[in-house]
Amino acid sequence: MSPRAGNTGPHTLAFVESPVQLLNVLEWAHAHEHTVGAGLTLVVLSPIDPMTRGQLRRMAELAREDGHEVRWEEARGGAAAPFQTIGGLTGLLRRADRVVLGDPFSRYVQLLLTITRARDLVVVDDGTATMEFVAQLARGERLVRWHRKGGRPGPRDLVFAPVSSAARKRLTPSERRRVAIFSSMPMEQTPEGVTVTANTFAWTRDRFGPPRITKGADMVGTSLVETGVVDGDRYLEAVSSLAKAHGAARYFAHRRESAEKLHRLAVETGLEVVRPDLPLELIARRGPIGRTILSFPSTVVHTLPLALSGTEVRVAVCDIDPAWLTENASPRAQGFLSGVTGTARDVHRLSAVASA
């Protein structure tokens, strides 16, 4: 998609903190080209993690190629960075007609929401967290990430509570504000007054592929160990068993997986660890990709079937055995992960690996 000259439309300001969020903003802009035109400014609130930054820079290149303005903010580059970033964005926020955001749980984004006067707010997918956000908004609950739910609020949570509460009110439709969600995730509950539009990954399919398909299987990594949900040893056992059972050769690492875990995984399983430079939906669509993609419950069990629609690639998802969970895992974890798998369409469901 290239915005047509002269079609400025209302000015849209989008805030992203991850490559997947940026991808889904591009998908949203593609689906709403007639209303977006050349009026989209993408603001990257850059994280510190090198892998995430690398993928974001590659995605920013694609956004610029599509004719969108990209503004890169070193939003976490020191103690003064947040104040400088917010100060520099205040004018843009107050002039924007529409604000698009990828992570309503982000404290940074919640703070920015308290400044904007935009009548239209759009939430695009930030993975499976979108499912939890929609459910919490529908129930009028405070916004808490699913893997933290059940724990006691920390001192920072209590200090930030007024801002979080104000952001939740901004994300509730009213006479002065319209709220929309653009998502590929299943929605069990839809908040009253919120417009939901399906993300079909049309931009991804138009821009890349179809891929060359290899005979073997590829495996998709997850950061469930890094977030403290799944035990590291149990996870490695499960990966090893799945790889042997399905003849997997490559392991596509999640951008937040630790180098130590990945090194151990490569040594113990013999899998080739691949650090993607783009979100997996684009990597798979470009190819080459295995005929079977193995995954644990995660966003990709919903997005890959859409991105690979029309190909012969099969996505297979392995359930998380409750015995793999850490003692510190949220009481909500098992039910949420089961829901991620159970609501996925066009995937083959595998039972939890017995040997793990």
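Two strands are taken to pair if DSSP finds at least two bridges between them; helices (H or I, at least four residues) and strands (E, at least two) are DSSP runs, numbered from the N terminus. The model is predicted: local features need pLDDT of at least 70, side-chain atom pairs count only at pLDDT 80 or more, and totals for chains, interfaces and linings use all residues. Residues are numbered from 1 along each chain as its sequence is written, and side-chain values use heavy atoms, with hydrogens and water left out.

Strand E5 (residues 120–124) runs parallel to strand E6 (residues 178–183), and five bridges join them. Within this pairing, leucine 121 faces valine 179 of E6. E6 also pairs in the parallel sense with strand E7 (residues 195–198), over four bridges. Here isoleucine 181 has valine 196 in E7 as its bridge partner.

Five bridges connect E1 with E2, and alanine 14 stands opposite leucine 42 in E2. Four bridges connect E1 with E4, again in parallel, with threonine 12 bridged to arginine 98 in E4. Five of the five residues of E1 are buried, where buried means under 20% relative accessible area, exposed over 50% and partly exposed in between (1.4 Å probe, protein chains only). In a regular strand the side chains alternate between the two faces of the sheet. In E1 both faces are covered, with Thr12, Ala14 and Val16 buried on one side and Leu13 and Phe15 on the other.

An α-helix has 3.6 residues a turn, so residues three or four places apart point the same way. H4 has 15 residues and spans 22 Å from its first C-alpha to its last, close to the 21 Å expected at 1.5 Å a residue; the expected span is 1.5 Å times one less than the number of residues. A kink of about 40 degrees is centred on leucine 89 of H4, the bend at a residue being the angle between axes fitted to the seven residues ending there and the seven starting there.

Helix H9 also has 15 residues and reaches 21 Å, close to the expected 21 Å. Its buried residues are Tyr235, Leu236, Ala238, Val239, Ser240, Leu242 and Ala243. Their cover includes strand E8 (213–220), strand E9 (248–252), helix H10 (259–269), E11, strand E12 (314–318) and strand E13 (348–350).

The aromatic rings remain. Rings of Phe, Tyr and Trp (its six-membered ring) pair if their centres lie within 6.5 Å; planes under 30 degrees apart count as stacked, over 60 as edge-to-face and the rest as tilted. The structure holds four aromatic pairs. In one, tryptophan 203 and phenylalanine 208 have ring centres 6.2 Å apart and planes at 80 degrees, so the pair is edge-to-face. Tryptophan 203 is buried, with a relative accessible area of 2%, and phenylalanine 208 is buried at 13%. Tyrosine 235 and phenylalanine 296 form a tilted pair, 5.3 Å centre to centre with 50 degrees between the planes. Tyrosine 235 belongs to H9 (residues 232–246) and phenylalanine 296 to the loop between strand E11 (289–295) and helix H12 (300–307), so the pair ties together parts 61 residues apart in sequence. Tyr235, Phe296 and Trp324 form one aromatic cluster.

Key
Contact means heavy atoms within 4.5 Å.
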